[in-house]
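Subject: Structure handover

Hi,

Here is the structure I promised to pass on. Please open it first, then read my notes below.

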Amino acid sequence: MAQKIQSQRLAEALEALKTNTALTTLNLFNDSFGHNGAQRLAEALKTNSTLIDLNLENNSIGEDGCAALAEALKTNSTLTTLNLTHNFIGNNGAQALAEALVINSTLTTLVLQSSLIKNYKSIAPFVKPNSIRSKGALALSESLKINSTLTTLNLAFNLLGDNGALVLSEALKTNSTLTTLNLEGNKIGDNGAQELAEALKTNSSLTTLNLKENSIWYTGFLALCETFKTNLSLTTLDLQGNKVEDKIALALSEAPKTSSSPTTLNLKENSVSYTGLLALCEAFKTNLTMTTLDLQGNRIEDKIVLAVSEALKTNTTLTTLDFHGAVIGTNEVLKLCQVLKSDSTLTSLNLWHTSIRSNGALALSEALKTNSTLRTLNLGYNSIGNYGAEALAEALKTNSTLTNLDLGYNSIGDNEAWELAEALKTNSTLITLYMAGNSIREIGALALSEALKINTTLSILDLQGNSIGDNGSLALSEALKTNSALTTLDLWGNSIGSNGMLALSKALKKNLALKTLYLNNNSIRVDGALALSEALNTNSSLTTLDFGSNSIGDNGALALFETLKINSTLTTLYLQNNSIGDYAIQALSEALKTNWTLITLNFWNNSIGNNGAQALAEALNTNSTLAILNLAGNLIGDNGALALSEALKINSTLATLELRNNKIGDNGAQALYQVSLSIRCIIEQ
């Protein structure tokens with residue numbers, strides 16, 4: 001349906017912007033108001049004195065509209081960020097903006113990217129790029145030689161080619177303010193990369209250069225590597241998805257040995273294999289600045305893990321090591337763990353889905369007994385088994401530095417959960433424990449609950465997708481009555497039922513620490529909802545509650561909505577997929593008229609029709625706190641949409657209204673688009 005905002009209403013809104021003295025951020029994402037809308041907006045910008053951030057992404061703005069905006073920038077003295085992603089500004093529009101940059105002294109961020117990063121159903125998919133080619137790049141580069149305020153320029157996916165890179169390179173030789181330049185997806189080859197490298201030899205301000213998804217090969221990479229030897233400011237170089245092969249990685253490996261600036265090097269999704277990776281590992285033995293090296297999607301073999309292990313023996317800067325998805329052999333894990341025993345810099349190690357199994361977990365547990373720096377360890381999807389989990393539990397009894405441990409999807413059962421629980425009784429550093437997707441039942445939950453009665457540091461416990469049942473919930477509830485450390489508990493998909501909810505509700509009446517509770521998909525039904533609502537009348541700590549997919553219906557929802565008249569702490573409530581209809585929403589409407597804390601409400605996939613929407617609209621006339629309302633997948637038609645649109649003319653706090661997959665026709669859509677200047681309204685089917 002994708003209706004445009006009516007010209008007359010747009011003119012009225014932008015006329016008001018001329019004198020508005022409060023608005024600082026204006027998001028006109030995907031409003032398709034074209035040249036005329038841009039020209040009216042430009043007139044408003046000439047007198048507006050408060051707007052700082054303006055998003056015009058995906059609005060069919062052409063060269064004329066861009067020229068009008070550029071003219072406004074010559075006199076506007078407040079705007080700092082302008083986003084023109086995925087419009088039709090072309091070379092002429094870029095030239096107009098370039099002229100404005102010569103005069104403007106406030107704009108710091110200019111986004112002229114061609115393609116949308118996300119393609120929502122309500123957005124026209126990749127219709128036409130901004131098409132700023134070398135001619136437009138030339139104009140922008142000339143302005144950069146004079147402009148002294150712009151710090152970020154995003155020209156991604158504009159097909160600038162080598163010629164565009166050449167003219168921008170000339171600007172970088174004299175510009176002293178630009179810190180971030182995004183040239184992703186611009187078909188820049190070796191010649192363009194060589195020119196950029198030459199500029200970087202003298203440039204002292206650029207810290208981030210994004211060259212992802214270009215066509216740079218050996219000669220270009222070699223030039224960039226040489227730059228690292230003398231450049232003292234560039235800290236991040238992104239070369240993802242180019243043609244980095246072993247001989248190029250060899251050249252890159254020379255740079256870290258002598259450079260004193262790069263901290264992040266992204267070589268993700270290239271074709272680096274053994275020889276190149278080996279050379280990079282050698283470089284890390286002496287490098288003093290690099291903290292992050294991303295090699296995901298390359299050909300990491302067992303021998304590379306050995307090489308990294310050797311490098312870690314002498315490297316004193318690397319803090320993050322990610323072997324995500326690599327297949328690591330037993331000997332290599334043993335070698336890595338041997339190094340970890342004495343390593344003093346690594347703080348994060350990701351071994352997710354690396355097939356280390358129980359032997360690898362045993363080796364890691366030994367390392368953790370003496371390692372004093374590792375804070376985060378991800379061992380998800382590794383089939384560590386009984387022995388691996390038990391060994392890690394033993395290590396946690398003595399380790400005093402690990403704060404985050406992910407053991408998700410490892411077939412951990414009740415016995416292993418019991419061992420981990422015993423460790424938690426004495427461990428005083430672990431803050432986050434992820435155990436989602438395992439095989440923990442009520443006995444394991446009972447053991448963990450006993451640990452929670454003693455432990456005073458664990459803040460986040462994720463038991464999503466286990467099978468603790470109502471008895472497991474009962475055990476955890478007893479612990480929550482006295483525990484004062486746990487702030488987040490995830491019990492999604494654990495079949496706790498109404499009895500388990502009854503126990504949790506009793507605990508919530510006493511608990512003063514829990515802030516976030518996930519109970520989605522637990523067959524809690526009406527009785528459980530009634531018990532929860534009673535608990536929320538007195539609970540003063542819970543701020544986020546996910547109660548989706550629990551078949552509570554109107555009766556359960558009614559009880560919860562009555563609670564909202566009393567509760568003063570809950571800010572986020574998810575009730576998606578609960579068969580809630582108009583009858584219950586009438587009660588919610590009354591609650592929202594007096595509730596001043598709720599910020600987010602999610603009613604996706606319920607049975608709310610026009611009457612419910614009209615009731616919510618009535619509440620929005622007075623409510624001043626709700627910012628996000630999701631009504632997608634309901635039964636709202638034109639009458640409901642019209643009521644909501646009228647309410648939004650008065651309401652000044654709702655920022656996002658999701659109405660996709662309802663029964664809204666052209667009239668309802670048109671009415672909603674008329675108010676979408678002030679909120680993000682999504683109505684596409």
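First, a word on terms: helices (H or I, at least four residues) and strands (E, at least two) are DSSP runs, numbered from the N terminus. By that rule, S215 sits in the loop between β7 (208–210) and α8 (218–228).

Some ground rules. This is a predicted model, in which local features need pLDDT of at least 70 and side-chain atom pairs count only at pLDDT 80 or more, while totals for chains, interfaces and linings use all residues. Residues are numbered from 1 along each chain as its sequence is written, and side-chain values use heavy atoms, with hydrogens and water left out.

The chain overall

The protein chain has 24 helices and 24 strands. It runs to 685 residues, and 57% of them count as buried. Buried means under 20% relative accessible area, exposed over 50%, and partly exposed in between (1.4 Å probe, protein chains only). The accessible surface of the chain is about 25800 Å², with 49% of it belonging to carbon and sulfur atoms. Those areas come from the Shrake-Rupley method with a 1.4 Å probe; for residues, only the protein chains shown count as cover.

Contact means heavy atoms within 4.5 Å. Take the contacts between residues at least 6 apart in sequence: 87% join residues at least 24 apart.

Nonpolar cores

A nonpolar core is a set of buried Ala, Val, Leu, Ile, Met, Phe, Trp, Tyr and Cys residues joined through side-chain atoms within 4.5 Å. The largest has 113 residues. Which of them touch the most other members? They are L519, L545, F547, F561, F603 and L631. Leaving out residues up to four places away in sequence, F547 touches M501, L519, I524, A529, L532, I552, L560, Y574, L575 and N578. Another core, of 67 residues, lies apart from the largest one; F33, A44, L73 and L150 are among its members.

Aromatic pairs

Rings of Phe, Tyr and Trp (its six-membered ring) pair if their centres lie within 6.5 Å; planes under 30 degrees apart count as stacked, over 60 as edge-to-face and the rest as tilted. The whole structure holds three such pairs.

One is W352 with Y381: the ring centres are 5.1 Å apart and the planes stand at 70°, so this pair is edge-to-face. W352 is in the loop between β12 (348–350) and α13 (357–368), and Y381 in the loop between β13 (376–378) and α14 (385–396), 29 residues apart. W352 is partly exposed at 26%. Y381 is also partly exposed, at 37%.

F561 and F603 make an edge-to-face pair too, at 6.0 Å centre to centre and 75° between the planes. F561 lies in helix α20 (residues 553–563) and F603 in the loop between β21 (600–602) and α22 (610–620), so the pair ties together parts 42 residues apart in sequence. Both F561 and F603 are buried.

Ring pairs also link W352, Y381 and Y409 into a cluster.

Loop residues

Back to S215. Its relative accessible area is 34%, so S215 is partly exposed. G161 is 54 residues away from S215 in sequence, with 9.4 Å between the C-alpha atoms.

Most residues other than glycine have a negative phi. K187 is not a glycine, yet its phi is positive, about 55°. K187 lies in the loop between β6 (180–182) and α7 (190–200). K187 is exposed, with a relative accessible area of 61%.

N661 has a positive phi of about 60°, and is not a glycine either. N661 is in the loop between β23 (656–658) and α24 (666–674). N661 counts as partly exposed, at 41% relative accessibility.
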